[in-house]
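Visitor: I would like to learn how to read a structure like this one. Please give me the general idea, then the case at hand.

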Amino acid sequence: MRSYIKVLTMCFLGLILFVPTALADNSVKRVGGSNRYGTAVQISKQMYSTASTAVIVGGSSYADAISAAPLAYQKNAPLLYTNADKLSSETKTRLKEMRTKNVIIVGGTPAVSSNTANQIKSLGISIKRIAGSNRYDTAARVARAMNATSKAVILNGFLYADAPGIIPYAAKNGYPILFTNKTSINSATTAVMKDKRITSTVVAGGTGSINNTVYNKLPSPTRISGSNRYELAANIVQKLNLSTSTVYVSNGFSYPDSIAGATLAAKNKQSLILTNGENLSGGARKIIGSKNMSNFTIIGNTPAISTKVANQLKNPVVGETIFIDPGHGDQDSGAVGNGLLEKEVNLDIAKRVNTKLNASGALPVMSRSNDTFYSLQERVSKAASAQADLFISIHANANDSSSPNGSETYYDTTYQAAKSKRLADQIQPKLAANLGTRDRGVKQAGFYVIKYSKMPSVLVETAFITNAADASKLKQAVYKDKAAQAIHDGTVSYYR
């Protein structure tokens with residue numbers, strides 16, 4: 001790195017008041033069965049050993065399940081699924097295990113046939129069916145079966161992805177879930193709001209779900225929206241300040257799992273967030289980081305939620321915003337030597353760090369992702385704007401002599417001294433070991449980007465471009481990947 005960029009001011013702040021405590025990996029559990037019926041059964045086992053009442057809906061009747069969830073909570077009953085024409089074996093066995101005496105079927109005979117109802121009756125169980133002429137009417141009838149309340153949750157009756165995140169809130173507060181469509185309010189919904197004297201409503205979903213014309217016709221409405229299903233679920237947790245001591249995680253496209261899982265979240269007065277099956281979604285990562293979530297229960301077995309997602313949730317770096325700063329760029333090439341330009345080496349390694357942290361569940365942000373120049377002040381400002389949790393500046397070293405060699409990591413004492421040193425202490429030995437370079441240790445220096453960044457910050461000097469042996473490694477993809485792996489592993493270790 002050029003000497004005019006490496007400011008050599010040393011800033012000592014005296015007494016360190018806080019030393020970070022080593023943390024452990026996050027707790028991740030899984031509840032699931034071999035299919036939607038089995039998963040609902042396993043969820044019920046987390047809540048009840050016995051249950052005098054159970055609520056049963058058709059396994060593909062998602063609207064019925066959504067409206068039934070708050071009723072199930074109020075009746076202290078599990079929500080179970082069945083095939084339309086035959087009582088599912090998993091559900092049948094579970095009803096016997098719980099010694100259930102009463103079943104409330106939500107939905108008409110196309111969803112749960114008379115034959116299925118008769119099979120339930122043959123177990124010595126009394127049946128009550130709540131069904132309307134359509135999903136709006138069924139939801140309205142469910143609302144009438146619930147205790148009196150002045151508030152309701154409003155959803156688009158055909159957009160099931162809006163529902164799972166709001167179900168725990170609705171259920172634990174005793175609020176019915178009613179349906180509209182995007183452009184109009186069904187008469188059944190209007191009638192039940194009037195009959196139950198609903199004076200305020202919570203709308204889950206943006207204007208693409210329920211437009212402003214409908215929204216403005218609702219009693220004292222409040223809207224919670226998001227750019228997608230994952231962000232919506234996260235925003236529900238944030239805006240309603242739902243408890244996150246244990247967070248339930250479900251596949252945003254697996255509606256049977258996520259609706260049943262939401263009843264478990266409600267039972268435990270917790271929240272539910274959504275992701276996709278193969279990779280933890282951005283919305284989920286952001287709320288995990290902002291709420292410092294560390295205990296998770298996954299709803300559904302693989303492939304509904306992959307092992308990769310489970311590992312991301314377990315990783316203590318999940319949801320952390322890590323600012324990665326590849327030094328130099330464009331007209332500022334940085335150090336030059338042995339056929340290498342520092343700016344290119346820095347960017348290559350930084351991109352690899354970005355990929356690895358992203359795969360681990362973090363939210364990496366790069367100061368530059370191409371050959372662009374940003375001033376030191378701009379880099380610091382970018383990290384602050386990103387509300388980064390850590391700042392990692394990546395460089396390669398240089399000297400007028402070709403003899404100096406090895407790897408070193410710097411921190412500054414102006415802000416977050418103890419945490420910055422901890423981060424440096426975690427990265428440095430791994431870097432030297434991975435590259436097989438001389439370990440030059442952890443050092444203090446007032447380099448601008450780590451001096452003025454207010455979050456824990458380090459500057460990593462991977463190796464010397466001006467030393468032939470070091471430079472030969474920085475030319476090879478395998479060693480640049482090893483350097484990136486060391487920075488990744490040190491960052492993860494910082495949180496352990």
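Guide: Start with charge. Lys and Arg count as positive and Asp and Glu as negative, while His and the chain ends are left out. Each charge is placed at NZ of Lys, CZ of Arg, CG of Asp or CD of Glu.

Visitor: How far apart are the mean positions of the positive and negative charges here?

Guide: They are 13 Å apart, for 57 positive and 30 negative charges. A word on the source: this is a predicted model, where local features need pLDDT of at least 70, side-chain atom pairs count only at pLDDT 80 or more, and totals for chains, interfaces and linings use all residues. Residues are numbered from 1 along each chain as its sequence is written, and side-chain values use heavy atoms, without hydrogens and water.

Visitor: How many helices and strands are in the protein?

Guide: Helices (H or I, at least four residues) and strands (E, at least two) are DSSP runs, numbered from the N terminus. The protein has 18 helices and 20 strands. Its C-alpha trace spans about 90 × 45 × 40 Å along the principal axes.

Visitor: What percentage of the residues count as buried?

Guide: Buried means under 20% relative accessible area, exposed over 50%, and partly exposed in between (1.4 Å probe, protein chains only). Of the 496 residues, 57% count as buried.

Visitor: How is a pair of aromatic rings described?

Guide: By the distance of the centres and the angle of the planes. Rings of Phe, Tyr and Trp (its six-membered ring) pair if their centres lie within 6.5 Å; planes under 30 degrees apart are stacked, over 60 edge-to-face, and the rest tilted. The whole structure holds nine aromatic pairs. Take Tyr 62 and Tyr 160: the centres are 5.3 Å apart and the planes at 75°, so this pair is edge-to-face.

Visitor: Which parts does that pair tie together?

Guide: Tyr 62 is in helix 2 (residues 62-74), and Tyr 160 is in the loop between strand 6 (151-156) and helix 6 (167-173), so the pair ties together parts 98 residues apart in sequence. Both tyrosines are buried. Tyr 62, Tyr 160 and Tyr 255 form one aromatic cluster.

Visitor: Is Gly 283 buried or exposed?

Guide: Gly 283 counts as buried because its relative accessibility is 13%. Gly 283 sits in helix 11 (residues 282-290). Contact means heavy atoms within 4.5 Å. Leaving aside neighbours within four places in sequence, Gly 283 contacts Tyr 230, Glu 231 and Ala 234.
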